[in-house]
Amino acid sequence: MHYLDHAATTAVLPEAAQTACRVMTEDFGNPSSVHRMGIAASGIVEQARKQVAAMLHAEPSEITFTSCGTEATAMAISGACRRKGRGKHIITTAIEHAATLNTVKRLEQEGFAVTYLQPDADGHISVDDLRAAVRPDTVLLTCMLANNEIGTVLPVKEFGKILKKKAPQALFHIDAVQGLARIPIKPKLWNADFISVSGHKIGAPKGIGALYIRKGVHIAPLMVGGGQERGMRPGTEAVPNIAAFGEACRIGMERMDGNYAKVEALCARLEQGIAERFPWAVYNGKHDIPHVVNLSFPGCKSEVLLRVLEMHEVYVSSGSACAKGKASHVLSAMRLDHARIDSALRISFAPANIPEDVDALLDALEEGTARLKREI
Ligand code: PLP
């Protein structure tokens, strides 16, 4: 099996799985219980909070656990925009994940004005465009750190600086789901007020995320209930997932440089293979991180090519895994032509991949593209 779809989700790290299993079967108390089992569970949550905070270069008190990256993003955007007596203008980009775009769209329907910054042909968002977009009534800038479809990295440091200078009252949210454990997260340097992250992209189970909320920033929670997570995220804590997320962050931080170098080497091997064997293929976007590569094989419909690759036990994605069957809004925003969008594959690596995975992909692509071109 050659799994090259890690931007969609990745395997749970053995250490994280063992941690979750131990918590589920042994330390299974409710953190709200006042007896010894409850206190132990609460300690596990706080230990994980420290581990996530360390990865985010934040204070543990600035971390709120959520069910996923989507919830963290919704919490930040809705919370920031619904503060009373603030402006009604939101800035985002056209290449955001659906978690951001749909939350912003809902606010737009409620009367907020939204500026969608457009990418250039490489998938980059311009600092000058952001500068021109900031208004006195801007309440929030929400953008991603790394794009999940094309691997571009947004200039969040410059964005933060410009936003805080031109509209000091506005808040800055960064969706760092695809950047976590790949790019060092620096909330203070970036002037970030919120950062959302997700466990299942870095080796924790699905169903756990977190939101960094800068100390001193106060927003209303999405829902009310018990007082868990200091009232920001009521509901009994998913202690096994939280513990596993903490463990995945600890490992991710420890191995960040080595893992990055491994993925870089895999990406270079892919690029070399593409140059030698598919000189007619075209890259979509400039992958600033080597983890996500988007390529079109004009004339070969990606949905069909995907099936051929699957027959060789090679798993990649067409466009974004979150937008099944739909033309990618990211590639569309880059104004790529229909034939290119229709033949786009997303290949995404994890450090667990080996060079043979890349070779298997290249071999399967050779057979698949030859077959599809014959059928035209
Ligand atoms: N943001 C980005 C950039 C993503 O890639 C994803 C998931 O693919 C999300 C947000 C949503 O995260 P989750 O699946 O944890 O809700």
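The part I have in mind is the helix packing around H8: at what angles and distances do H1 and H2 pack against H8, and which residues make the contacts?

Reply: The model is predicted, so local features are described only where pLDDT is at least 70 and side-chain atom pairs only at pLDDT 80 or more, while totals for chains, interfaces and linings use all residues. Residues are numbered from 1 along each chain as its sequence is written, and side-chain values use heavy atoms, with hydrogens and water left out.

Two packed helices are described by the angle between their axes and the distance between the axes. Here the axes are lines fitted to C-alpha atoms, for helices over the stretch in contact, and the angles run from 0 to 180 degrees between N-to-C directions. The helices (H or I, at least four residues) and strands (E, at least two) are DSSP runs, numbered from the N terminus.

For helix H1 (residues 14-25) and helix H8 (residues 239-254), the axes come within 8 Å and cross at roughly 155°. H1 is therefore roughly antiparallel to H8, on a scale where angles under 35 degrees count as roughly parallel, over 145 as roughly antiparallel, 65 to 115 as roughly perpendicular and the rest as oblique. The crossing of these two helices, H1 and H8, is right-handed; a crossing is left-handed if the near helix is turned anticlockwise from the far one by less than a right angle, and right-handed if clockwise. On the H1 side the contact, meaning heavy atoms within 4.5 Å, is made by Glu15, Ala16, Thr19, Ala20, Val23 and Met24, and on the H8 side by Val239, Pro240, Ala243, Ala244, Glu247 and Ile251. By class, the residues of the contact of H1 with H8 are nine nonpolar, one polar and two charged, where Ala, Val, Leu, Ile, Met, Phe, Trp, Tyr, Cys and Pro count as nonpolar, Asp, Glu, Lys and Arg as charged, and the others, Gly among them, as polar.

Turning to the other partner, the axes of H2 and H8 come within 8 Å and cross at roughly 35°, and H2 passes H8 in a left-handed crossing. From H2, the residues Ala41, Ile44, Val45, Ala48, Gln51, Val52, Ala54 and Met55 meet Val239, Ile242, Ala243, Phe245, Gly246, Glu247, Cys249, Arg250, Gly252 and Met253 of H8. The contact of H2 with H8 divides into 13 nonpolar, three polar and two charged residues.

Most residues other than glycine have a negative phi, and most peptide bonds are trans. Arg230, although not a glycine, has a positive phi of about 50°. Glu313, which is likewise not a glycine, has a positive phi of about 60°; Glu313 lies in the loop between helix H10 (302-311) and strand S11 (314-315).

H3 passes H4 in a right-handed crossing. The contact of H3 with H4 has six nonpolar, five polar and no charged residues.

As for the whole chain, the protein has 13 helices and 12 strands. Its radius of gyration is 21 Å, close to the 21 Å that the globule rule gives for 376 residues, so the chain is as compact as a globular protein of that length; the radius is taken over C-alpha atoms, and the rule is 2.2 Å times the number of residues to the power 0.38. The C-alpha atoms fill a box of roughly 65 × 55 × 30 Å along the principal axes, and buried residues make up 56% of the 376 residues. Among contacts between residues at least 6 apart in sequence, 73% join residues at least 24 apart.

Terms used: Buried < 20%, exposed > 50% of the residue type's maximum accessible area, 1.4 Å probe, protein only.
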